[in-house]
Amino acid sequence: MPDLASTGRIVTFPHGLPGFEDQRDFIRRDDPAFAPLVVLESRTNSALQFVAAPITSIDRNYELTVSARDLEIIGVSYADLQQDSSLVDCLAIVCIPEQGSPTANLVSPLVINRATGIGVQAVSDQTRYRIDQPLRPQEQSICS
Amino acid sequence: MLVIRRRSGESVFIGEGIEIEILDIEGSQVKLGIRAPRSIPILRSEVVLTGRANRAASRQVSAEQLTSLASALRKEFSSNSSDPHR
């Protein structure tokens, strides 16, 4: 990972992330060198980092499905969100494998309250999107 | 995979300590009640799959891979004025 000198915003996942339930606090790193991607670096373990992309940079017409419980966790009401979708940051975790094409998880986006930095990974049961959406359509991944 | 048909109110046991009961069937949705020791985690499969995807995604990536993908996304984004899905 590059040495990221830019100061970052804190993102807190009160319930951690599936697979990383004890990881709550992350620093979000933005840098023109890798925009639109962002890096989420664990505050307790700097070796743990996730690459993520604003979901609209992958699918302009993405329709977010988020449960009442998840909205409660991040402190945003459904009504407010309907009125103003910019209240939340919606990021898809990106998987960059050693070999093969990079993919993004569009089924379980990170949904972050922009004002407070409190976030949740909204695991939905809808089948419209893929957990491994290829990011470079011209290179079909082997498993698609 | 063992396949069993159950009606509302009926249940299955898995081993001695786990019981799954069909509590209600409403349209396409089934309400399940699960009795199991606390030590056994019970998770929606989407959550388990998300956990696996997160673990796969958490591997260290190089600066080159990061900037290369970012550059490709920027190109993709600017060249695609409508639907990014092909």
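B:Arg35, in this predicted model, has a relative accessibility of 49% and therefore counts as partly exposed, where buried means under 20% relative accessible area, exposed over 50%, and partly exposed in between, computed with a 1.4 Å probe on protein chains only. Its partner in a salt bridge is B:Glu19, with the closest N and O atoms 3.0 Å apart; a salt bridge here is a side-chain nitrogen of Lys or Arg within 4 Å of a carboxyl oxygen of Asp or Glu. Because B:Glu19 lies in strand S2 (residues 18-26) of chain B and B:Arg35 in strand S3 (residues 29-35) of chain B, the pair ties together parts that are 16 residues apart in sequence. B:Glu19, for its part, is buried, with a relative accessible area of 15%.

Residues are numbered from 1 along each chain as its sequence is written, and chains are lettered from A and ligands numbered from 1 in the order in which they are written. Since this is a predicted model, local features need pLDDT of at least 70 and side-chain atom pairs count only at pLDDT 80 or more, whereas totals for chains, interfaces and linings use all residues, and side-chain values use heavy atoms, with hydrogens and water left out.

Over all chains, the rule gives 13 salt bridges. Another of them within chain B joins the side chains of B:Arg6 and B:Glu10, at 3.5 Å from N to O; B:Arg6 is partly exposed at 37% relative accessibility, and B:Glu10 is partly exposed at 23%.

In chain A, A:Glu41 and A:Arg29 form a salt bridge at 3.5 Å, again N to O. A:Glu41 belongs to strand S3 (residues 38-42) of chain A and A:Arg29 to strand S2 (residues 25-29) of chain A, so this pair ties together parts that are 12 residues apart in sequence. Both A:Glu41 and A:Arg29 are buried. In the loop between S2 and S3 of chain A one finds A:Pro36, and the peptide bond that joins A:Ala35 and A:Pro36 is cis, with omega of about 5°. As background, most peptide bonds are trans.

A network of salt bridges links A:Arg9, A:Arg28, A:Asp30, A:Asp89 and A:Arg114. Of these residues, A:Arg9 lies in strand S1 (residues 9-12) of chain A and is partly exposed, with a relative accessible area of 46%. Apart from neighbours within four places in sequence, A:Arg9 is in contact (heavy atoms within 4.5 Å) with A:Phe26, A:Ile27, A:Arg28, A:Asp30 and A:Asp89.

How do such local details sit within chain A as a whole, and how many helices and strands are there in chain A? Chain A has 2 helices and 9 strands, where helices (H or I, at least four residues) and strands (E, at least two) are DSSP runs numbered from the N terminus, and their order along the sequence is β-β-β-β-α-α-β-β-β-β-β. Of the 144 residues in chain A, 51% are buried, and among contacts with a separation of 6 or more, 52% come from residues 24 or more positions apart.

Between the chains, 42 residues of chain A are in contact with 33 residues of chain B. The two chains bury about 3200 Å² between them, 61% of it on carbon and sulfur atoms, buried area being the accessible area (1.4 Å probe) that two parts lose on being put together, summed over both. By class, the side of chain A that touches chain B has 27 nonpolar, 10 polar and 5 charged residues. Across this interface the rule finds 1 salt bridge, in which B:Arg59 pairs with A:Glu98, the closest N and O atoms being 3.9 Å apart.

B:Ser58 lies in the loop between helix H1 (45-57) and helix H2 (63-79) of chain B and is buried, with a relative accessible area of 15%. A polar atom of the B:Ser58 side chain lies 2.9 Å from the backbone oxygen of B:Arg55, while, not counting residues up to four places away in sequence, B:Ser58 touches A:Phe20, A:Leu48, A:Gln49 and A:Phe50.

Technical notes:
Ala, Val, Leu, Ile, Met, Phe, Trp, Tyr, Cys and Pro count as nonpolar, Asp, Glu, Lys and Arg as charged, and the others, Gly among them, as polar. A polar contact is a pair of N or O atoms within 3.5 Å; within protein, one must be able to donate a hydrogen and the other to accept it, and residues adjacent in sequence count only if both atoms are side-chain atoms.
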